[in-house]
Each structure stands twice: as structure tokens, then as C-alpha cells.
Amino acid sequence: MRILSEDFVSLKRRFYVLLHPRLTVLITTYCGGDKYNVMPCSWHTPVSWGPNLILVVIDKENFTHECIMNTKEFVVNVIDDTYLNKIMKLTVHGKRVDKFKRVGIETIKAKYVKAPIIKDALGYLEAKVYKTVDLEEETIFIGEVLHAAMRKDVYYKGGWNYNNARLIFHHWDNYFIKLDPKSFTEAPE
Ligand SMILES: Cc1cc2nc3c(=O)[nH]c(=O)nc-3n(C[C@H](O)[C@H](O)[C@H](O)COP(=O)(O)O)c2cc1C
């Protein structure tokens, strides 16, 4: 058996921090009737170009899980650092709370799904569930991207304009990383 060198710390249940920081997004959902919901999420990634697919990992206890299970759709909203003082207020179960109202988040209608788009999001992806992977505590929702758009003022040459897009990255718990636009760099060929 290999013995962990003194140079390493065993992360155990916190294994995932090795793969952080991760872009912080808000998942919005339609939950039937006149109910909508929003939750912060950092376990997400693009997974395919044929068709265009993304995935989000959602804990089965979250209300968002119930909403996506019922409606089979969701929106991924990319937010900026103005959300740092709101983000932890969104980590309550949304069933009996209107988090949009409580935290002061305005929404607009999406084009292809009933889940709303956050009005001041820097960009968003409208997705419908393509496949689900059932885990013990979470479900991986693989979503087909029906529409993806980025605000013009944060767009530059095919990607983000980091001078205007103050993205926030999730370290862990309630710690975040703000991106310094000066850290943008190009790797040599
Ligand atoms: C920055 C951040 C990232 C999070 N990422 C995830 C995630 O990827 N998946 C998840 O299920 N919960 C994640 N959570 C926790 C949920 O946001 C939290 O459980 C929330 O209360 C769920 O809301 P809901 O029950 O209204 O859906 C994250 C929380 C924070 C603050």
C-alpha cells in the first residue's frame, strides 16, 4: 500500500476542491403553477458539441431537483460580482420561499423554456433535459442547449471581455475568487 507523502494533505470528502475554483452560476427553473426558483451552482460543465450538451449536478434534496424533474428544463445564468452579497441568501430551500422577491432578483421570459432568465445575467443557456444520470445523493441533468447568449458589453472576440465581465468563481463554502482582468494571458505555441 502506498503511504501518503508528508508533502500532501489528504482531502477526503473535500476531494472536489482540487477541481475548484469553478464559475458560479445561478440555475433558474419553472416549478409549475406560478412558481419559479433559483439556486447557486458550481458543478456544471459543457460536455458535447453533437448535440450541444451541458451538465449540472443537483442534490436530490434541493427544490431545483424537483422542478427540473417535473418540467425537464432549466436555465443557466452567468452572474457577476454584484451577486456576492446575494449569493448565500439563495442557499435556502426554495419550495416555500420566493427567493427572487426575497433577494431582489428580476427576471425576463426565456425564448424556448418556461424557466426565467435573470435580467442582469451576463449570459445564459436555455436547456431541456436530454438525459439524466441517477446517483445516490444527486442527479446529473444533461441538458441540450436550445439557446445560448452573452451580453454584448461583456463579449470580446468569441469569449468574455474580462474588463467588463466580473465573473465569480467558487472556491468552497462561502468563499469566492474574483477575476483580475490583468490575469488574462496567452499560452505560447
Ligand atoms: C457557490 C455555490 C455553489 C453551489 N453549487 C451547487 C451545485 O453544483 N449543486 C447543488 O446541488 N447545490 C449546489 N449548491 C447548493 C445549493 O445552491 C443550495 O442547496 C440551495 O439552497 C438549493 O436551493 P433550492 O432548494 O431552492 O433548489 C451551491 C451553493 C453555492 C453557494
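This report walks through the sheet, the helix lying across it and the ligand shell.

## Ground rules

The structure is a predicted model, where local features need pLDDT of at least 70, side-chain atom pairs count only at pLDDT 80 or more, and totals for chains, interfaces and linings use all residues. Residues are numbered from 1 along each chain as its sequence is written.

## The sheet

Start with the open sheet: 7 strands in the order β3-β2-β6-β9-β10-β5-β4, with antiparallel pairing. Strands here are DSSP runs of E, at least two residues long, and helices are runs of H or I, at least four residues, both numbered from the N terminus. Two strands pair if DSSP finds at least two bridges between them. Neighbouring strands are turned by 35° against each other on average, direction ignored; angles come from lines fitted to C-alpha atoms (for helices, over the stretch in contact) and run from 0 to 180 degrees between N-to-C directions.

β2 (residues 25-30) is joined to β3 by 6 bridges, with Thr 28 partnered by Val 38 in β3. Then 4 bridges join β2 to β6, where Thr 28 stands opposite Val 75. Another 6 bridges link β6 to β9, and Val 75 has Glu 126 as its bridge partner there.

β6 is well tucked in: 6 of its 6 residues are buried, meaning 20 or more other C-beta atoms lie within 10 Å of a residue's own, with C-beta atoms placed from the backbone (12 or fewer is exposed, in between is partly exposed). Glu 73, Val 75 and Asn 77 are buried on one side, and Phe 74, Val 76 and Val 78 on the other.

## The helix

Helix α1 (residues 63-71) lies across β2, β3, β5, β6, β9 and β10, at about 50° to β2. Contact here means C-beta atoms, placed from the backbone, within 7 Å. The buried residues of α1 are Phe 63, Thr 64, Cys 67 and Ile 68. Seen down the helix axis, they fall within an arc of 130°, so they line one face of α1; the arc is that of the directions from the axis to the C-beta atoms. Just after α1, Lys 72 takes a positive phi of about 60°.

## Around the ligand

The ligand is surrounded by 19 residues, the closest being Trp 43, Asp 59, Asn 62, Thr 64 and Gly 94; the cut-off is a C-beta atom, placed from the backbone, within 6 Å. β3, β5 and α1 each give two or more residues to this shell, and β3 gives the most, with 4.

Note on methods: Contact = placed C-beta atoms within 7 Å.
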